[in-house]
Amino acid sequence: MKLTCLSTTGGGGSYHSPASHLLELEGLRFLLDCPIDLTALADFSPVPLTGDAGGLIRAVPRYLSPAAAAAAKVGGIDAVLVSSATGVLGLPFLARLPGFAHTKIYVTEVAARTGKLMMGELVEMHREFVRYYGPDTGELPRWMEGEKLNELLSMLEKAVTVDKGDDLTSLMPLYSPGNIEECMQKIQPVKYGEEVCFNGIFTLKASSSGLELGNSVWTIKGPRASITYLPSSVFVSAHALDFDYSSLKENDVILFSDLSSLNDMDVDNDKLDEHAMDETEHSLCRRSVLRDDGADVDEKIAFLCNNDDIKEEIERISYICSCIIDAIKSGGSVLIPIGRLGVILLLLELISEMLHSSSIKVPIFMVSETAEEIIAFTNALPEWLCKSRQEKLFSGEALFDHVDLLKEGKLFLFPHLHSKDLIAAWKEPCIVLCPHWSLRLGPAVHLLRRWHADKRCLLVLEQGSDAELCLKPFMPLAIQVLECSFLSGLRTEKIDTLLGVLKPKFVMLPEGLKSRCSVKGRPWSFLYYSKGKTIELPNLQEDFEVHLGTDVAHRLQPRKLNETTAVARLRAKLHVSSGQYQLAAAEKQSDQSKRHLLHWDAVDPDRLLPALQEKGMVCSFAADDDSSGERSVLITSPGEALVKITSDRTVIYCDDERTSGHIFDALSRVCNGI
């Protein structure tokens, strides 16, 4: 088994740009996630351009997908396993490759549907650049030549995880709607817990990761090993189905790809911002820590599944809502270009509660190509939601509170800023949720230009990207900016406890976690990976089990080899199905009376001598047998031959074909055979 890390989390964090890997198993290549690092957009100037671009690139953007570029280099991918909607975004790049024709893509139904909506919206927002600059011809643009290329590399090092010397061919023109459709036709959607067989060798199963609707952890089971692909996960969620860690127990290998604990959010204790920490320090610093290495399984599970993380998340979003209410009270509008579906759903709920309690009437606009469809299907997916949401269904309540906001005329959904209905309904101050968090695409660009000089207004950004670079085209800035971090995966202090519950044999960890995870006294072995390097895992099992069909077993004629073992000879075909080797009856069975016997066991010299003499051969024991246990039978007629016999082997020396035949017949009489 070989693993190559193609990309680590981008500047937008592990949610918007998950890590991707190339896994080689039994001669097959698996691509694990294929995201786009959209933080590269920060190096391009938004359109329409007003004033100086400030060194930003004035051109149609190109998009960074190291996973797609790596897949093109290796010449083909057998299967793609996608863990989230953001892990889908780079797949249409693969649709352009000739080696992608027979590739299968596995992703949950919800992630596939959400991912398709996100790709379509990205293409639509990108068209604004095309209308302004003209179409991207696909040829190398001028800004990727000479000094401009060096400037771009320098900027990318700040904005995204690009190292010096990286091949910028991973910056590609955006795909077309046709590429999206071609890609979607190759997708095989799955449900949680559903087992699918790939290539007859592997069984694939997706389980809930808890981070977002449809996000998954993958199990790959083959004849020699079982592997867990563990991307960003959370044990308890306020909207999605909780992390199904129990289905991952005792898999041989865990590929730990949750890199969220490497973010600043985990290091500096989730500060909302440097000014807000005094008010929230007490509530945000309380975290349970399991320090007893002798804790039993129930204690470990209780520690992993406590509600501390989700309580902090709700407190964090509540604080954001309080800042939103303050801005509204001052007469300012609020712009929220956050791309997390779960956060948006919780924001709408808490904003609704605060507006109601404060008796403030202000419109909430959701401006997005996908707004209506996203809002509609979030209320039609009860089996993908957490238990508390599912209970609402049985009690006759709406799964999410935005249903009531729509009914009451407080929430408005529009596809574009220039929609006639939006213009008619527009009123300030207001709250607007819209794409894109990069501040280079979509309605957020136009609304930020409208409000950037108003100190009463509020811009809510997610930490992870370079805020200074993102805001550069909108300077000078008077609008209030609130940078927020959200729960993106497992806390570092829970990793070791989780491994203790899952009990793997090998754990593949990112190099950055080497100093954060305890190695001493652990029954599992660690391997560490880093971007661009290939590591090889030794075979966990040289041998493998073979299942015998009932019809084949009935034809066996076993012979007893010793007190505990019997042997039989058979003719069968070897098949692989659902990760298991099976022996099935051959179409044509050979005539057992005509086939040569296979012999075993040591030869008894005292039985061989009379057997040779019965064949009319003149023979005797050699007089020079030594005490080492070797005995020799000397044959003088009808031809000359010598048979040397020890406890572990018999060697026949003879150059006469007729004599050799007689010796073989004699051996067949004194040896066991099948």
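Axes are lines fitted to C-alpha atoms, for helices over the stretch in contact, and angles run from 0 to 180 degrees between N-to-C directions. Helices (H or I, at least four residues) and strands (E, at least two) are DSSP runs, numbered from the N terminus. The model is predicted: local features need pLDDT of at least 70 and side-chain atom pairs count only at pLDDT 80 or more, while totals for chains, interfaces and linings use all residues. Residues are numbered from 1 along each chain as its sequence is written, and side-chain values use heavy atoms, with hydrogens and water left out.

**Helix packing**

- The axes of helix H20 (residues 605-614) and helix H21 (residues 657-670) come within 9 Å and cross at roughly 135°.
- H20 is therefore oblique to H21, where angles under 35 degrees count as roughly parallel, over 145 as roughly antiparallel, 65 to 115 as roughly perpendicular and the rest as oblique.
- Helix H10 (residues 308-329) packs against helix H11 (residues 341-358) at an angle of about 55°, with their axes 9 Å apart.
- H10 is therefore oblique to H11.

**Aromatic rings**

- Rings of Phe, Tyr and Trp (its six-membered ring) pair if their centres lie within 6.5 Å; planes under 30 degrees apart count as stacked, over 60 as edge-to-face and the rest as tilted.
- By this rule there are 15 aromatic pairs.
- Trp-426 and Trp-451 form a stacked pair, at 6.2 Å centre to centre and with 15° between the planes.
- This pair links distant parts of the chain, 25 residues apart: Trp-426 is in the loop between helix H15 (420-425) and strand E17 (431-433), and Trp-451 is in helix H16 (residues 443-451).
- Trp-426 counts as partly exposed at 23% relative accessibility, whereas Trp-451 counts as buried at 2%; buried means under 20% relative accessible area, exposed over 50%, and partly exposed in between (1.4 Å probe, protein chains only).
- One aromatic cluster is formed by Phe-365, Phe-412, Phe-414, Trp-426 and Trp-451.

**Charges over rings**

- A charge sits over a ring if NZ of Lys or CZ of Arg is within 6 Å of the ring centre and within 35 degrees of the ring normal.
- The charged end of Lys-514 sits over the ring of Tyr-528, 5.1 Å from its centre.
- The ring of Phe-621 has the charged end of Arg-631 over it, 4.2 Å from the ring centre.

**A loop residue**

- Glu-397 lies in the loop between helix H13 (387-394) and helix H14 (402-407).
- Glu-397 is partly exposed, with a relative accessible area of 47%.
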